[in-house]
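Dear colleague,

Please find the structure below, handed over for your records. My notes on its disulfides and salt bridges follow.

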Amino acid sequence: MSAPSSGYDENVFYAPGWQPATPPTDPLAVAAVPTGLLLGPVGIGVGVAALARIRRHGTRGVGLAWAGIALGVAVTLTVLAVVLARLVGDAATEPLPSDVSEPRSAHARQLVLGNCLAELPDDGAVSTVRVVPCADPHEAQVVARTDFPAGATWPGQDAADARVSRVCAPAVLSSDVDPAGIELVVWSPTAASWSEGDRTGLCVASAAVLVEGSMID
């Protein structure tokens, strides 16, 4: 039996060190991204569940899970903003009762025949007005209204004004009202308000002094 030789033996081979297998990517983390983009809050839940599984099992996908959560939050906030805008828009066009029970501010598109206004707005675009019970002192009142068809195309300002003017005549006033002390004002859609869905034309009677009660029968 011979002793081992000292020095390097070129016939000896060394295997590389052992490396642990790369952990798989958690499938929930992968699913969180498209779910957050398409389903909003569901994606948030999937992303949170993916993070919990990753911590428990040591799998990969933390970045994907957080991306799904971020997308879910963004989509959810966008949907909420759209819904809120729709609700606000609907509230701004919901018709008022013909005689309100207490003073309130309202959009001009909410006005209906009979509404009394605390004061007549200045000339120009009209948005918000102050509506009061007709028994209270007031300066103006809606005495006629005409609505353009919802699917109509913009007829032009002159044609819009002419249509509203046809319903704005002294005959709409009560026989107890002296037309000499009343000014009839036409409120018709503009090109800008028409593009926002405005199809309402109003005839507003304005008195030289504050009146109480209705100016129409």
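This is a predicted model: local features need pLDDT of at least 70, side-chain atom pairs count only at pLDDT 80 or more; totals for chains, interfaces and linings use all residues.

A disulfide joins Cys168 to Cys203, with the two sulfur atoms 2.0 Å apart. The torsion about this S-S bond is about 60°, so the link between Cys168 and Cys203 is right-handed. Cys168 sits in the loop between α4 (157–167) and β5 (182–187), and Cys203 in strand β6 (residues 200–211), so the bond ties together parts that are 35 residues apart in sequence. Cys168 is buried, with a relative accessible area of 14%, and Cys203 is also buried, at 0%.

Residues are numbered from 1 along each chain as its sequence is written, and side-chain values use heavy atoms, with hydrogens and water left out.

The terms are used as follows. A disulfide is a pair of cysteine sulfur atoms within 2.5 Å. Buried means under 20% relative accessible area, exposed over 50%, and partly exposed in between (1.4 Å probe, protein chains only). Helices (H or I, at least four residues) and strands (E, at least two) are DSSP runs, numbered from the N terminus. A salt bridge is a side-chain nitrogen of Lys or Arg within 4 Å of a carboxyl oxygen of Asp or Glu.

The count of disulfides comes to two. Cys116 and Cys134 form a disulfide, their sulfur atoms lying 1.9 Å apart. This link between Cys116 and Cys134 is right-handed, with 100° about the S-S bond. Cys116 belongs to strand β2 (residues 116–117) and Cys134 to the loop between β3 (128–132) and β4 (138–147), so parts that are 18 residues apart in sequence are tied together. Both Cys116 and Cys134 are buried. With the bonded cysteines of the protein chain numbered in sequence order, the pairing reads 1-2, 3-4.

The search of the whole structure also finds two salt bridges. Asp26 pairs with Arg53, the closest N and O atoms being 3.1 Å apart. This pair links distant parts of the chain, 27 residues apart: Asp26 is in the segment before α1 (27–39), and Arg53 is in helix α2 (residues 41–57). Asp26 is buried, at 2% relative accessible area, whereas Arg53 is partly exposed, at 28%. In the other salt bridge, the side chains of Arg145 and Asp147 meet at 3.0 Å, N to O. Arg145 is partly exposed at 29% relative accessibility, and Asp147 is partly exposed at 39%.

Yours sincerely
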